Amino acid sequence: MASSDSLTGPPLRSRPSSYDYFDIDDVLATQDKIPCKLEVQIFNLGFLNPSSENQHLAAGAKLDLSYWLAKELCSRRRRVVSVDLPKVYREGYREILRADANVVDLHKLGPYFYGIGTKLMHFDDEENAQIVKTLQEAFTKRFRKLMDSSQNAPHEDTSLLTSKLDHTEKQIFEAGRKGVRDFLLWEAGQMAKLTTSDTVINHRKRKRSALD
């Protein structure tokens, strides 16, 4: 008779992943499209290629797939598609960033420019080392200006400035502004100001109503 262990099978183990399931920003970032080329024919999915009227997706067809899907279809275990670098990470754009990263509208290149750039390291591309180097240099160059701007505009309208920032930079910018605002409140003696809690206020109201 088979034992209970043989019937239930081996314990399930979570598969390592670069995704953060509970991070909505990570979910949104992995929706970005990645240019891919089919390595095998896929039947009955021709409608996914708007430039073709065939019923099937032929090997060699080019499609833009969300990063999360491209990652699953291009791995060491399966090679359904091959992945090309998005144009904003290719040499032409890297050269622009190296020239003067501060003037580049990163949000226009991609709202999750740094996030997707690092996730592209999953694919074994010969340009990975250059991409990482460019991302690091661009972030370092833009960081000083980013923090200077956040420190000097704690209460001003900064929508024009932040509209050109990648999501990571926006978070850093807002953290810097909040730090300045908190410091100004502390300096004015308002950070530790005691106020009556809502519970006490409501209790007093009920007590007065009972007396009336």
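Biologist: What makes you say that Tyr 89 is in contact with Arg 94, Tyr 112 and other residues?

Modeller: In this predicted model, contact means heavy atoms within 4.5 Å. Leaving aside its neighbours within four places in sequence, Tyr 89 meets that cut-off with Arg 94, Tyr 112, Phe 113, Ile 116, Gly 117, Leu 120, Ile 131 and Leu 135.

Biologist: Leu 120 is on that list. Is Leu 120 buried or exposed, and how do you know?

Modeller: Buried means under 20% relative accessible area. Leu 120 has 2% relative accessibility, so Leu 120 counts as buried.

Biologist: Where does Leu 120 lie, and which residues is Leu 120 in contact with?

Modeller: You will find Leu 120 in the loop between α6 and α7. Apart from neighbours within four places in sequence, its contacts are Ile 34, Tyr 67, Leu 85, Pro 86, Tyr 89 and Asn 128.

Biologist: Which residues touch the most other members of the largest nonpolar core?

Modeller: Ile 34, Tyr 89 and Phe 113 do, in a core of 30 residues. At least two residues each come from β1, β2, α3 (67–73), β3, α6 (113–119) and α7 (128–151).

Biologist: Why do you say that this core lies between domain 1 and domain 2?

Modeller: Because domain 1 (15–84) and domain 2 (89–211) both give residues to the core, it lies between them. As a general background, nonpolar side chains tend to be buried together in soluble globular proteins.

Biologist: Let's turn to the sheet. What makes β1 and β2 a pair?

Modeller: Two strands pair if DSSP finds at least two bridges between them. Strand β1 (residues 33–38) and strand β2 (residues 62–66) have five bridges, so they count as a pair, and the sense is antiparallel. In this pair, Lys 33 stands opposite Ser 66 in β2.

Biologist: How do you know that β1 also pairs with β3?

Modeller: The cut-off is again at least two bridges. Three bridges join β1 to strand β3 (residues 81–83), so these strands pair too, running antiparallel. Here Cys 36 stands opposite Val 83 in β3.

Biologist: Why are β2 and β3 called edge strands?

Modeller: The open sheet of three strands has the order β2-β1-β3. β2 and β3 each pair on one side only, which is what makes them the edge strands. Neighbouring strands in this sheet are turned by 45° against each other on average, direction ignored.

Biologist: Asn 44 and Asn 49 are both in the loop between β1 and β2. Why is Asn 44 called partly exposed, and why is Asn 49 called buried?

Modeller: Under 20% is buried, over 50% is exposed, and partly exposed is in between. Asn 44 is at 47%, so Asn 44 counts as partly exposed. Asn 49 is at 10%, so Asn 49 counts as buried. Setting aside neighbours within four places in sequence, Asn 49 is in contact with Leu 57, Ala 61, Lys 62 and Leu 63.

Biologist: What makes the phi of Asn 44 worth a look?

Modeller: Most residues other than glycine have a negative phi. Asn 44 is not a glycine, yet its phi is positive, about 65°.

Biologist: And how do α7 and α9 pack?

Modeller: α7 and helix α9 (residues 167–187) pack at an angle of about 35°, with axes 8 Å apart, and their crossing is right-handed. Among the contact residues are Phe 139 and Phe 143 of α7, and Ile 172 and Phe 173 of α9.

How values were computed:
Residues numbered from 1 in each chain as written. Predicted model: local features only at pLDDT ≥ 70, side-chain atom pairs only at ≥ 80, totals over all residues. Heavy atoms only, no water. Helix = DSSP H or I, 4+ residues; strand = E, 2+ residues; numbered from the N terminus. Buried < 20%, exposed > 50% of the residue type's maximum accessible area, 1.4 Å probe, protein only. Axes fitted to C-alpha atoms, helices over the stretch in contact; angles between N-to-C directions. Core = buried A, V, L, I, M, F, W, Y, C linked by side-chain atoms within 4.5 Å. Domains from an automatic or database assignment. Left-handed = near helix turned anticlockwise from the far one by under 90°.
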